[in-house]
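Please keep the sequence and the structure in view while reading.

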Amino acid sequence: MSVGATMDLGLSSIQEERAQRLHQESLVFFAHDHCILEDDILLMQRGGATAKQLHIGVDERLWLEPGAFAATRVPLEPNADVAADPRTSDGFLKSALIALDHVLGLAERSGGRISIALEPDDILRAKEHGAIALLVGAEGARITEYRPEVLRSLARLGLRHLQLSWATKHPLGATQSETSGAGLTTLGMEFVRELNRIGLIVDVSHLSYQSIADAVDGSSAPVLNGHTGALALNPTQPQLLPDDLIRLIASKDGVVAVHFMSQMVKPGRDQATLGQLLDQFEYLTDLVGAEHVACGPDYFSHGETLAANQGITTPFGFADGVQDVSQLSNLTRGLVVRGFTDDQVRLVLGGSLLRLFSDVRRQRSPMIAPPMGPSALPGHLTGGITPL
Ligand SMILES: [Zn+2]
């Protein structure tokens, strides 16, 4: 069965046959997705995808409420308690738990058609049985309210990934929009170590370059940048990475996943071509090797409301040919045209990300509970009963 779209990319019949075979045989497992509805699962199946790292949506709420996104751009008072500021914490845990209930419910009701990826084997098993596996993650640490206890509880519920930062200010470190040269805070470094210890993927997207370097240095497991690209191909976007940082991530076995959104792929807000997206894959693969490259499309339902709330007139758009997950075979076809080997295609489509998840899980501590000791509960319980 051929999957996905049939855009004319000039493949010979031999290339076409190879691309279709490769796409079907490969584990398609991608990072950074916000689509949590049943219909999105059907699109994955149409696109020959097995697994995705799914955010239990926290960002969209900010974007969908008029004025909320703009409010995050207002600087905090000097010395303000960032974690206590409602713009950085209020309500995110609740909305994440509601989304998590929805995702877990999808899996529970699916009769085995959808599973939650707690371990790498869950993803391999899903591929074997033609099922879908969802690796639950979060864009930004707001859902933890910056408490390791909350992080551990979410891990017990199935969280396997945490992006330390979104675009707004937070107490773990400097974000991509900060130009002070600052990196991760002490709390940010503690979060990295705790994520390592309990076996969750550390995602460095949306952090400042110094924060990313700090996270890579401080992490004992490989780190992911789940939606980025080569700054060399689009110098207008601070979310993309300079070559030295891409090399640093790769030098510790990390992975950079390519963003599919047009204004990330290349400069300007007009729609990117599939060729421009392939340029990103080719550049990164030439720079650090396909074993450090993955897909991070950032699929989510976008539209005029969201654009208006951000004060922009042009709605978001993904690169031509991969506008939703059902079209992903066009990426495989394009990679074949660009001369990627079978192994390189398999790595980029999902092999690199699965290897990173395996490394992260292999290096974790045998239990989520922290070792007991004087610093295990630093004043967080009152009278032994009430959490503060
Ligand atoms: Zn993002």
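The points below treat a sheet, its strands, a helix and a nonpolar core in turn.

The model is predicted. It contains an open sheet of 4 strands in the order 1-2-4-3, with parallel pairing. Its largest nonpolar core has 101 residues.

**The sheet as a whole**

- Strand 1 (29–33) and strand 3 (114–116) stand at the edges of the sheet. Each has a single partner strand, so one side of each is left without a neighbour in the sheet.
- From one strand to the next, the twist averages 25 degrees.
- Helix 7 (residues 120–129) packs on the sheet and touches strand 1, strand 2 (51–55), strand 3 and strand 4. The direction of helix 7 makes about 155 degrees with that of strand 4.

**How the strands pair**

- Strand 1 and strand 2 are joined in the parallel sense over 3 bridges. Here Phe29 stands opposite Ala51 in strand 2.
- Strand 2 and strand 4 pair in the parallel sense over 5 bridges. Leu54 has Val136 in strand 4 as its bridge partner, and His55 stands opposite Gly137 in strand 4.
- Strand 3 and strand 4 (residues 132–137) also pair in the parallel sense, over 3 bridges. The bridge partner of Ser115 is Ala133, in strand 4.

- All 5 of the 5 residues of strand 2 are buried, so strand 2 is largely enclosed by the rest of the structure. On one side are Ala51, Gln53 and His55, and on the other are Lys52 and Leu54.
- Strand 4 is mostly covered, with 6 of its 6 residues buried. Ile132, Leu134 and Val136 point one way from strand 4, whereas Ala133, Leu135 and Gly137 point the other way.
- The chain crosses from strand 3 through helix 7 to strand 4, and this β-α-β crossover is right-handed.
- A right-handed β-α-β unit is also made by strand 1, helix 2 (residues 38–46) and strand 2.

**An enclosed helix**

- Of the 9 residues of helix 15 (residues 329–337), 8 are buried, so this helix is largely enclosed by the rest of the structure.
- The buried residues of helix 15 are Ser329, Asn330, Leu331, Thr332, Arg333, Gly334, Leu335 and Val336.
- What covers these buried residues includes helix 1 (13–25), helix 13 (274–288) and helix 16 (342–362).
- Just after helix 15, Gly339 takes a positive phi of about 90 degrees.

**The nonpolar core**

- Which residues have the most contacts inside the largest nonpolar core? They are Val202, Ala215, Val293 and Val348.
- Helix 16 supplies the largest share of this core, 9 residues. Helix 16 is also among the elements that cover the buried residues of helix 15.
- Not counting residues up to four places away in sequence, Val202 touches Leu162, Val192, Leu195, Asn196, Ala215, Ser219, Ala221, Val223 and Leu224.

How values were computed: Residues numbered from 1 in each chain as written. Predicted model: local features only at pLDDT ≥ 70, side-chain atom pairs only at ≥ 80, totals over all residues. Buried ≥ 20, exposed ≤ 12 C-beta atoms within 10 Å, placed from the backbone. Helix = DSSP H or I, 4+ residues; strand = E, 2+ residues; numbered from the N terminus. Contact = placed C-beta atoms within 7 Å. Pairing = 2+ DSSP bridges. Axes fitted to C-alpha atoms, helices over the stretch in contact; angles between N-to-C directions. Right-handed = clockwise from strand over helix to strand, strands pointing away. Core = buried A, V, L, I, M, F, W, Y, C linked by C-beta atoms within 7 Å.
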